[in-house]
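Dear colleague,

Please find the structure for your study below. I would be grateful if you could read it alongside the notes that come after it.

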Amino acid sequence: MNLLEVRGVSKHFGGLYALSGLDVEVEEGEILSIIGPNGAGKSTVFNVITGLYTPDDGNVVFRGESIVGLTPNQITRLGIARTFQTVHLFPNMTVLENAMVGQHCRSRTTIFGAVFLTPSMRREERSIREHAERALGFFGRRLAGYRQDQPAFSLSYANRRRLEMARALATEPTLLLLDEPTAGMNPRETLELRDHIVRMRDELGLTILLIEHDMRVVKGVSDRVVACDYGQKIAEGSYEEVANDEHVIEAYLGTKAAG
Amino acid sequence: MIRRIPRVVRAGLVAGIVSVYLCLVGVVGSLVTDVVGRITVGRVVLSIPAILAGLVVARPRVVSGELRRSSVWAGVSSGAIVGLTTGALLAVFIGVVNLLGIETIRNVFIAVKPDLMSLLTFGHAGVVGSVLRIVAEVALGAVGGAIGATPDRIRVPTVIAATVVISLGLLRRIVHPALAQLGLRDDWLFSVVTLGLTWFGAVAVFVVAFVTTFAWRANSAAIVARTHRTPATERGVRLIVLAAIGGGLIALPFLVGSIFSQILGTVGIYVLLGLGLNIVVGYAGLLDLGYVAFFAVGAYTTAVLTGGSRVTTTGYAPPSFSLHLSFFVAIPIVVVVAALVGLLIGAPVLRLRGDYLAIVTLGFGEIARVLFSSDWLKGAFGGTQGMTAIPAAPIGNLNFRDTQHFYFLVLAFCLIALYISWRLADSRVGRAWNAMREDEQVAEAVGVSTVRYKLLAFAMGGAIGSLGGALFAVQVGALNNASFMLLVSITALAVVILGGMGSIPGVIVGALVLIGIPGVFSEFEQYRLLLYGAVLMAIMILRPQGLIPNIRRSQELEEEDVAQDKWAEAVTSDEHAASAASPLGEGAG
């Protein structure tokens, strides 16, 4: 069964159709890349899936149930986590706290528990911390040690990207949406991240939906690739199939001379 | 263009403008209490701008990356130029007043009186007076310059000691009863005639304060190091400090007498308001300008529940709904009511952010005040006449209308609110609020229900703020709408901002500075708002993060640098080893 199905989703902003009848199926345990030129509607799909946008038409089905109309936090709780195209951290909170916020939807301490220091609250606080540290630990020593207690704004660009992913991992997702995770990274960091993405699937058992412009990364990690243009799917299949598809080449390079 | 005027002259001009301004608004002329000997508050205030400007100009400063110190003579001479400029401006002011005549000026600036002019000119008419003023300002500027040019270890104790002397000169009303309570004589310190310090007392206090500060600054590092030598000594010292603070808090109202206990009580009420607002603004980032609503809800609910009467044209009458609960039974109900009002105010503004939220909550604050004093609800809350005869929450012999007893009630409530704020800050709830403040949309995407946590912030902030209102009702025993003006919201927000948003110690310091200091130095009472404005502007320019910002590090930073260096060494050596061994590098091109 497909873990996630985007069925005929349309979304327009005024007269501009960002998505028009897009279909994407994501199988459990695969890494699916979405490629397409700028403005193809890739990030809009993510925003529709995570509940930031409500689709005008169509349905989004996660584990057999529609998630259209749920708030973003409910969708996160169901097990869909994401990162953003431009890094969005909580800059004045520490690295560890950023990851601990990820555990929010997996914990339940209320004001009462926090004020009266109930044993269950202490236990839960410990577990939140452990989960957050484990999520940070996924990136080896990049986010470990003294860095955990520094404010997130003090991190380097690549580490901010990693922290954003660690925060998403801390929500204990089954489906992870990564929006251009290697944007702005140098070649070496890109390669490291490529390995991390594969490890997230192999070691953490995540299903990953990836938007990516760096074709070496797409080629290296994807089980399948979906190509979009003008809010529609124009090709689907293995990397080689999609890369050689004439619609895709046309979308990226433009039409051959008319005539 | 301003940049082209030499720095020294610019400082003098600023000092001059401030001096003339202080004269015009009356701070100089109308404050005639004596501080030391025959020197009045007004004279002290008038001398401060030139001294301060001289000090600032002569202070060591960074010029193109290099710390540059002035020699004492350079300091004195640049201070003198500052003073000359300041004096010139004041001389112009004196000249203009003489030219137009005091009466003409007084039509606009009522503070300009013959007394003020004779203070400025040392009693000499005409040019002689102006010259004397210039000479005086030159001397003051030079003194400031001399202080500024001395090394830190002298300058800082000097400034602190001078501040102590001036403050003490204004505090006979508090120090005298306290010393009398301890059975100590103070006629060597305070003059019986002027009620200010005697010259002997001033010099003695200055010397003691100077030596103490000097010695502490020279030895504090060693003392701190010794107390931190082992965990046991550190814990011991911490216990002693805590015990001293606790003992001080308990002894305070008896030492300072009933008038000052009342000021402390008011400070406590604003600590509660500040802590509550700090949750809404500081933790959750929701700018609430109508926080007075919760203050009013707390006060009026307490009045109704504990059996206050409403004021009518014919006397007193019980409100249409009235209970005679004990204050301590009523408090939980008050808190619940305020939390519900918080939800009520929060619900319609869930989708608003920033400026829009501020404007709408501003409206809610006014709505609350108008409702409580409306004719429509006159039967319940007494309309514009308000309510009176609110019981003073007695327990046994303790009557909390007595300011010294009230202090303990406030202290207890503040401790509870402090504990709650502190626990919430470092919990799952506090993190969710912080995340929301940092980026609402992302917090939602990471799994925080922003709707729920916004409502929770309003409810929790409202509940704590209502405690302040309840205590206010007990403190004054009578309520009317004049107590619930916009100014309360503004003051509470100023307390939070001054201390540092989201900082719990900041709220305490903010309340002490904005409520306590104006209360203690009651000479300045009529200039309270002027001072608020000046203090807030200074804070926003010099220290926008607040007096005690809510960031963990400061001393920790140094330790962290060390840790970071070690870490960097370890990582780089590892990476060299790793990149040599692994083929990772090959695909990078």
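The following notes describe what was found.

Please bear in mind throughout that this is a predicted model.

I begin with chain B, which is divided into domain 1 (1–150) and domain 2 (259–485). The centres of these two domains, taken over C-alpha atoms, are separated by 45 Å.

Helix α10 of chain B covers residues 199–227, 29 residues in number. From its first C-alpha to its last it reaches 39 Å, close to the 42 Å expected at 1.5 Å a residue. At N219(B), α10(B) bends by about 55°. The helix is also hardly covered, since two of its 29 residues are buried.

The two chains touch each other. The contact takes 32 residues from chain A and 29 residues from chain B. On the side of chain A that touches chain B, the elements giving two or more residues are α2 (72–78), α3 (95–102), α4 (111–116) and α7 (187–204). The residues of that side of chain A comprise 15 nonpolar, eleven polar and six charged.

Finally, two residues of chain A deserve a look. E172(A), in the loop between α6 (157–170) and β7 (175–179), has a phi near 55°, a positive value in a residue other than glycine. E180(A), in the loop between β7 and α7 of chain A, likewise is not a glycine and has a positive phi of about 45°. Are these residues buried or partly exposed? E172(A) is partly exposed because 19 other C-beta atoms lie within 10 Å. E180(A) counts as buried because it has 20 C-beta neighbours inside 10 Å, and 20 or more is the cut-off for a buried residue.

With kind regards

Definitions and conventions
Residues numbered from 1 in each chain as written. Chains lettered and ligands numbered in written order. Predicted model: local features only at pLDDT ≥ 70, side-chain atom pairs only at ≥ 80, totals over all residues. Helix = DSSP H or I, 4+ residues; strand = E, 2+ residues; numbered from the N terminus. Expected span 1.5 Å × (residues − 1). Bend = angle between axes of the 7 residues up to and from the residue. Buried ≥ 20, exposed ≤ 12 C-beta atoms within 10 Å, placed from the backbone. Contact = placed C-beta atoms within 7 Å. Nonpolar A, V, L, I, M, F, W, Y, C, P; charged D, E, K, R; others polar. Domains from an automatic or database assignment.
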